[in-house]
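Visitor: I have a structure open and would like to talk through its packing. Can you take my questions as they come?

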Amino acid sequence: MIGEHIMILSCQNVWKAFGENEILKNASFHIEDYEKAAIVGINGAGKSTLIKIIVGELSADQGGVTFARDKAVGYLAQHQGLHTDRTIYEELLSVKQYLIDLEERIRTTELSMKQAKGQALADLMEQYTRFTHQFEQENGYAYKSEVTGVLKGLGFMEEDFSKSVSTLSGGQKTRVALGKLLLQQPDLIILDEPTNHLDMASIAWLETYLLNYKGAVILVSHDRYFLDKIAGKIIEIEQGNVTSFSGNYSDYAKKKEVLRISQMNAYLNQQKEIRHQEEVIEKLKSFNREKSIKRAESREKMLSKIEVLDKPVAVKDDMNFTLTPRIISGNDVLQIDELAKAYGSLSLFSHVSFEIKRGEHVAIIGKNGTGKTTLLKILNGLETQDAGTIRLGTNVEIGYYDQEHHVLHEDKTLFDEISDAYPSMTNTEIRNTLAAFLFTKDDVFKRIKDLSGGEKGRVSLAKLMLSNANFLILDEPTNHLDITSKEILEHALNHYEGTLLYVSHDRYFINKTASRILDLENGNFANYIGNYDYYLEKHGEASSFSASFTASSKVDRIPEPVSETKADWQEQKKLQAEKRKRENRIQKIEQEIEAAENRQTELESELSDPVNGTNAAKLQEISKEQEILSQKLAALLEEWEMLLE
């Protein structure tokens, strides 16, 4: 089937709940042939649940998923365990078994042809032609180099090829599973967090591979740079609702921000109007006149018919923190000279020298296994160097965030973790701090060992915030954080006045927060003064590789407001003067209403006074004044309501 608009997958009105918790509400979207789509949402939004429903691992409560006929689907879960005694190379080669069998049949046919004559030979030749044509069609002559190319692309060295899969770490097994899936070339590839176990070079290779892939792709990923490169459609899950946006992640972020602002404005305006109407109703009732009470009742009726808007989810406002150094360090923060580290015969780095000045934001990048984390551990005294010196500047206080979260105590509760480290904090302060990192109510009594990776990350960040350090050393700070949490962390780091040194393979994060990059390659550091796009440009990788991202990566930076012109200022003054005039008039009317009502009460007393009972002229005079007052009050009420509106 050829054509860009053939639907390969349709998700229709899917509902899914776990107990009372509705994860998906009436979710509908579709994926077309060759389309590259990404599913995004905060941790716990239901991304993996939706994927499991698509691949049939979970059933929907209502609705369903339909695939186009004769289409193969391949799925890579986050933790893909492989149980086999085969080597890495054999495991990937097994995908091409049908070609190995076909090759064997071609060889057998060739040998048979040497012995055959007449019709038997003609039949064998026809069979041989058919087999070789199929072999060519299936790219048979290149399958071994295809396997090798995928293995190298995913970061395996030739010396790794012969390693048994059973001896590999979980992350390496996931890479092998990813390699197998790519070689199978299904019509639709579904990948859940595929970049988690890859270094930068492998992620860049996978981007190119998926971009040129001749099938459809669905990704779940928190890697925004990766999403910017690949995705042409973003499927968002928010509070159980599923919405599709065309474009890459940056396009989505821009549209989402506009949408969020407009929804928030509509909500705030409606709330303001409701409060205003309630005040008017209360005031009308306080006048305690038949007409004003009727008007109040009429307004109450209108108010009850309003369809009240829900407050939009402003997730960014939920987790909010600032990092503030307690004291300012000296200008020279860190000086490293001739540093070296090896494990046995494996030399990680040698003759490493660099310095960091106050206020710098430095990112360390490099392939997996080059020694980036080890360097941070040496700086924090968790490992010892083999040679070289490390000098910290005056008044330097380090705050360390490690990806294994060694700064946390597994058996403590979240509450105790904070209170033991900061005994002077009150219970309320501890709860408020944990709430800033999305831990509320009974969450604070969870044990550290029962938390997910993302939750542990948030607790470590909370301790980091409280530390008042002026030199932050962070190891993979965005691992396990969802996109929203990453954006909050970026915001905090960009406003941090201290010094920052971190290891990360999150290119979007580096682009946002680094002013300098140290690239650890072949045991030495290369220095780049700029962010990740600058590094790519100078590192000699094709600048076109980053051009599309560079163009779109700036969309979510909100421009500074333009200074008001004189004309604007004069207009503002005029509006303020009118507002003051209106407020004064409202106040004056309310005083007049009060005076008129007081006079009404006096007149009623005069009417019931026996002295005036026989004085017809006096009674007429009172009655006339009452009528005038009544008309005056009606006019005042009308003007008062009009001014309030």
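This is a predicted model: local features need pLDDT of at least 70, side-chain atom pairs count only at pLDDT 80 or more; totals for chains, interfaces and linings use all residues.

Visitor: Start with α6 and α7. At what angle do they pack?

Guide: The angle is about 20°, and the axes are 12 Å apart. Here α6 covers residues 170-184 and α7 covers residues 200-211. Angles under 35 degrees count as roughly parallel, so α6 and α7 are roughly parallel to each other.

Visitor: Is the crossing of α6 and α7 left-handed or right-handed?

Guide: The crossing is left-handed. On the α6 side, Leu 178, Leu 182 and Leu 183 make the contact, and on the α7 side Trp 205, Leu 206, Tyr 209 and Leu 210 do.

Visitor: Now α10 and α22. How do their axes cross?

Guide: Helix α10 (residues 290-304) and helix α22 (residues 616-644) cross at roughly 30°, and their axes come within 11 Å. By the under 35 degrees cut-off, α10 and α22 are therefore roughly parallel to each other too.

Visitor: Which residues make that contact?

Guide: From α10 they are Lys 291, Ser 292, Arg 295 and Arg 299; from α22 they are Ala 634, Leu 637, Glu 638 and Glu 641. Sorted by class, the contact of α10 with α22 has five charged, one polar and two nonpolar residues.

Visitor: Back to α6. Where is Thr 174, and is Thr 174 buried or exposed?

Guide: Thr 174 is in helix α6. Its relative accessible area is 7%, and buried means under 20%, so Thr 174 is buried. Its C-alpha atom is separated by 9.7 Å from that of Leu 198, which is 24 residues apart from Thr 174 along the chain.

Visitor: And Thr 195?

Guide: Thr 195 is in the loop between β6 (188-192) and α7. Thr 195 is buried, with a relative accessible area of 3%. Not counting residues up to four places away in sequence, Thr 195 touches Ile 203, Ser 221, Asp 223, Phe 226 and His 505.

Visitor: What about Ser 329, buried or exposed?

Guide: Ser 329 counts as buried, at 6% relative accessibility. Ser 329 is in the loop between α11 (315-318) and β10 (332-343). Leaving aside neighbours within four places in sequence, its contacts are Arg 358, Thr 394, Asn 395, Val 396 and Asn 470.

Visitor: Which residues of α5 are buried?

Guide: In α5 (residues 143-153) the buried residues are Tyr 143, Glu 146, Val 147, Thr 148, Val 150, Leu 151 and Gly 153. They pack against α2 (88-93), α3 (97-115), α4 (118-137), α6 and α7. After α5 comes Gly 155, with a positive phi near 95°.

Visitor: Last topic, the largest nonpolar core. Which of its residues touch the most other members?

Guide: They are Leu 210, Leu 219, Leu 472, Ile 510 and Tyr 532, in a core of 91 residues. Ile 510 is in contact with Met 200, Ala 363, Ile 365, Tyr 502, Ser 504, Ile 517, Asn 531 and Tyr 532, leaving aside neighbours within four places in sequence. Another core lies apart from the largest one and has 26 residues, among them Leu 9, Leu 50, Ile 51 and Leu 188.

Notes:
Residues are numbered from 1 along each chain as its sequence is written. Side-chain values use heavy atoms; hydrogens and water are left out. Axes are lines fitted to C-alpha atoms, for helices over the stretch in contact, and angles run from 0 to 180 degrees between N-to-C directions. Helices (H or I, at least four residues) and strands (E, at least two) are DSSP runs, numbered from the N terminus. Angles under 35 degrees count as roughly parallel, over 145 as roughly antiparallel, 65 to 115 as roughly perpendicular and the rest as oblique. A crossing is left-handed if the near helix is turned anticlockwise from the far one by less than a right angle, and right-handed if clockwise. Contact means heavy atoms within 4.5 Å. Buried means under 20% relative accessible area, exposed over 50%, partly exposed in between (1.4 Å probe, protein chains only). A nonpolar core is a set of buried Ala, Val, Leu, Ile, Met, Phe, Trp, Tyr and Cys residues joined through side-chain atoms within 4.5 Å. Ala, Val, Leu, Ile, Met, Phe, Trp, Tyr, Cys and Pro count as nonpolar, Asp, Glu, Lys and Arg as charged, and the others, Gly among them, as polar.
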